[in-house]
Amino acid sequence: MTNKKLKQFQIISICREDLESKGFDTSKVDDGIMKKIASKMADAYSDNGFWIDMPILAEHYGVPRRDSKK
């Protein structure tokens, strides 16, 4: 049995085309470099925007808050 509260959902991904759309040459970029970029981007988003955006989006989609009086 899996714990429903711990089930994870993917937030975002990155691909070489994303880098190319910003003018980068990815012809020599291997999967290892892509994984490093993705990991650093995940860290940056977690540190800078995740905890701000998550409650805003939860409210937008009608996720109720727990009763703080309990």
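Trainee: Is Phe 50 buried, partly exposed or exposed?
Mentor: Phe 50 is partly exposed, at 22% relative accessible area. Buried means under 20%, exposed over 50%, and partly exposed lies in between, using a 1.4 Å probe and protein chains only. This is a predicted model, where local features need pLDDT of at least 70, side-chain atom pairs count only at pLDDT 80 or more, and totals for chains, interfaces and linings use all residues. Residues are numbered from 1 along each chain as its sequence is written, and side-chain values use heavy atoms, with hydrogens and water left out.

Trainee: Why is the pair of Phe 50 and Trp 51 called edge-to-face?
Mentor: Their ring centres are 4.7 Å apart and the planes sit at 85 degrees, so the pair is edge-to-face. Rings of Phe, Tyr and Trp (its six-membered ring) pair if their centres lie within 6.5 Å; planes under 30 degrees apart are stacked, over 60 edge-to-face, and the rest tilted.

Trainee: And how many aromatic pairs does the whole structure have?
Mentor: A search finds 2. Tyr 45 and Phe 50 form an edge-to-face pair, with 6.3 Å centre to centre and 90 degrees between the planes. Ring pairs link Tyr 45, Phe 50 and Trp 51 into a cluster.

Trainee: Nice. How accessible are Trp 51 and Tyr 45?
Mentor: Trp 51 is exposed at 58% relative accessibility, while Tyr 45 is partly exposed at 34%.

Trainee: Switching topic, where is Ile 12, and is Ile 12 buried or exposed?
Mentor: Ile 12 lies in the segment before α1 (16-20); helices here are DSSP runs of H or I with at least four residues, numbered from the N terminus. Ile 12 is exposed, with 68% relative accessible area.

How values were computed:
Helix = DSSP H or I, 4+ residues; strand = E, 2+ residues; numbered from the N terminus.
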